[in-house]
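Student: I have a new structure to read. Please show me how to go through some of its features.

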Amino acid sequence: MIELFSGGAYLINGSELVADTPEAAQEIKQKTGKEVTSREAAKATMAYGILESHNTSGNMDKLKIRFDKLTSHDITFVGIIQTARASGLTRFPMPYVLTNCHNSLCAVGGTINEDDHMFGLSCAKKYGGVYVPPHQAVIHQYAREMLAGGGKMILGSDSHTRYGALGTMAMGEGGPELVKQLLNQTYDINMPQVVGVYLKGEPVKGVGPQDVALAIIGAVFKNGYVKNKVMEFVGPGVASLSADFRIGIDVMTTETTCLSSIWVTDETIEEFYEIHGRKEDYTQLSPGDVAYYDGMIVVDLSAIRPMIAMPFHPSNTYTIEELNANLLDILDETEKRAQVSLDGAVEFTLKDKVKDGKFLVDQGIIAGCAGGGFENICAAADILKGRYIGSDGFTLSVYPASMPVYMELIKNGCAATLMETGAVMKTAFCGPCFGAGDTPANNAFSIRHSTRNFPNREGSKLQSGQIASVALMDARSIAATAANQGILTPATDFDGEFGRYKYHFDSKIYANRVFDSKGVADPDVEIHFGPNIKDWPAMGELPENLVLQVVSEIHDPVTTTDELIPSGETSSYRSNPLGLAEFTLSRKDPEYVGRAKAIQKAEKARMEGKQTCEALPQLKEVMAVINERFPEAYQANTGFGSTIFAVKPGDGSAREQAASCQKVLGGWANIANEYATKRYRSNLINWGMLPFLIEEGELPFRNLDYLFLPDIKKAVEEKAEVITAYVVTKEGLKEFTLRLGDLTDEERQIILKGCLINYNRV
């Protein structure tokens, strides 16, 4: 059902594929009468055209992008605005939408969540932004309904910032990248490769967008086929999909680790804009007559079957039929894989869910930017009509993605249909996606039409002996399972009919509740500060030399941002840098915070002109070893801090706190074989941390070792490709090498200054 080309491919007239072989040019000339090169044909992609129109560098190999609009939610906007304020922000230079869909429950920490909301409202007034109150819409649904536009670019501080199906190239990045846009700076990247996604056929009854998305993720994640590239959806199969269906696939492209996405647009998308009262924002997009792609994914939609992504990653995919047919074998394989992710910290089993040869699940969730769309919920209602979920342990919760969607479900009766079954209808809230709502019971198994199923993302805590797990599925198969009272069931087993529901968008909901400054700033407005909203602590410049202690060593194949800084109840502390930092790596390495603070004491002492060895006595022996070879390294020119090693850190969320929490605890670097995403590496750089790379194989150091990096400041200034480092041992210094990878001149200056705030401080 999924085919990956081993090389590039040409697309002719939007419908015919020609593999990039030595004979390709001649074949294309015969078909079109044109002589083409891959370099010229690459300019005919939709992605190239959009990037070119937003690039300010004049060099399409080295892009400096200015976005049209920005969007953030209430986990990220306080930190972004605080950073920008520290750098001289006076007004938002472009539309900036502050949504409130993550900290909406206000259940932890007293008043602090609502204080964040009032901070956002006051900043929207002061700086000229848009404020969407809690429970009105999840961030991405509001962007689809009110912000997207053909040929436009949107930058969001949430990883699932994807509006390609509507003709908008959108990217999810850490907060500092939005700060740069607010300060009239640019998003700097090399021209990304573009991979085509060629859709053909049409989905069979019972297959939904999550099924297609999971099939693609399963095919491309592990091999990195689209990592940091743009996915461009083309082919005749696009026309068979509704707007909602395309959106549901598109939002999940984040889980492939691609940079962004874009789709051909047609009358279906034009109708979407018309329904939402914004027909003028529609633009027809299609590739040129001959377009070249650096790779090609061919998806036969008719061959896709209901899918399930088993714990603990969206790429751990099977068809539901395959799982049910090989139940014990796949569950055993999943349990073994889970023990790697969980480090054996708790007992984990799934085979106890098997009753009389059937797999029984405990909970169903249809929610958020992926599952909470109008068509998904209507289809679930059709499947469940006249059925009930039962009075045993199984529960079903449904979260429409926005109040306009919810209102339409009320008007057309689908909400009532679902509630009659025993399901619970809830407001627009992202909580179930990151562990702040509908946390299952211990050892429970939840099936969810949401975006991720990383370890503990549903809210359980290993450090408290708790474990639950999530599998990703489409709303249709979740409904089929609910109709079967928890027995895992694919929606293709549904023998009824799906209704044809017309969507009507009621703009009055937003007009009556959303604050929109229309871009007009009011500098006289006082910002609302709650007691939990704290400024960033002072951060020093990169010293001439560095002594780093390795304070955590992680050998999992991939380390997610959820493991670096847990989601869930920690979200309430996202406006308090030091308070949040206490949770860093708490579910992966509970010793991390104490170790990082210990070495940080030495750096604080140094910055205050005190003796570092008095703050951390063991440094006396460390410096003695260093000074045998480097007598010029002394307290005034040598900084002290921490680093972590992880094989491949940074998969998942865009939230900057995965890096900033390490920084405020004295982190100066990460060392990795590879970085899972561009956005995590960018977060490290923007917080003044060195994104070191080390070759795979035997590590020259171990946890708690001290490393010495002489002349690191000079190496960054002079763009050294190889960094010479040393492990400090009792026998002396043991040399090894690190690399920094490609850094722009601006990124080097940010690292030298110590962080983006210092770089921009006025």
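**A covered helix and a helix pair**

Tutor: In H7, the residues Gly175, Pro176, Glu177, Leu178, Val179, Lys180, Gln181 and Leu182 are buried, where buried means under 20% relative accessible area with a 1.4 Å probe, protein chains only. This is a predicted model, in which local features need pLDDT of at least 70, side-chain atom pairs count only at pLDDT 80 or more, and totals for chains, interfaces and linings use all residues. Residues are numbered from 1 along each chain as its sequence is written, and side-chain values use heavy atoms, with hydrogens and water left out.

Student: How many residues of helix H7 are buried?

Tutor: Helices are DSSP runs of H or I, at least four residues, numbered from the N terminus. Helix H7 spans residues 175–182, and eight of its eight residues are buried. Just after H7, Asn184 has a positive phi of about 65°.

Student: At what angle do the axes of H14 and H15 cross?

Tutor: Axes are lines fitted to C-alpha atoms, for helices over the stretch in contact, and angles run from 0 to 180 degrees between N-to-C directions. Here H14 (residues 374–384) and H15 (residues 403–411) have axes that come within 10 Å and cross at roughly 30°. The two helices are therefore roughly parallel to each other, a term for angles under 35 degrees.

Student: Which residues meet there?

Tutor: Contact means heavy atoms within 4.5 Å. Phe374, Ile377 and Cys378 in H14 meet Val405, Glu408 and Leu409 in H15.

Notes: Angles under 35 degrees count as roughly parallel, over 145 as roughly antiparallel, 65 to 115 as roughly perpendicular and the rest as oblique. Buried means under 20% relative accessible area, exposed over 50%, partly exposed in between (1.4 Å probe, protein chains only).
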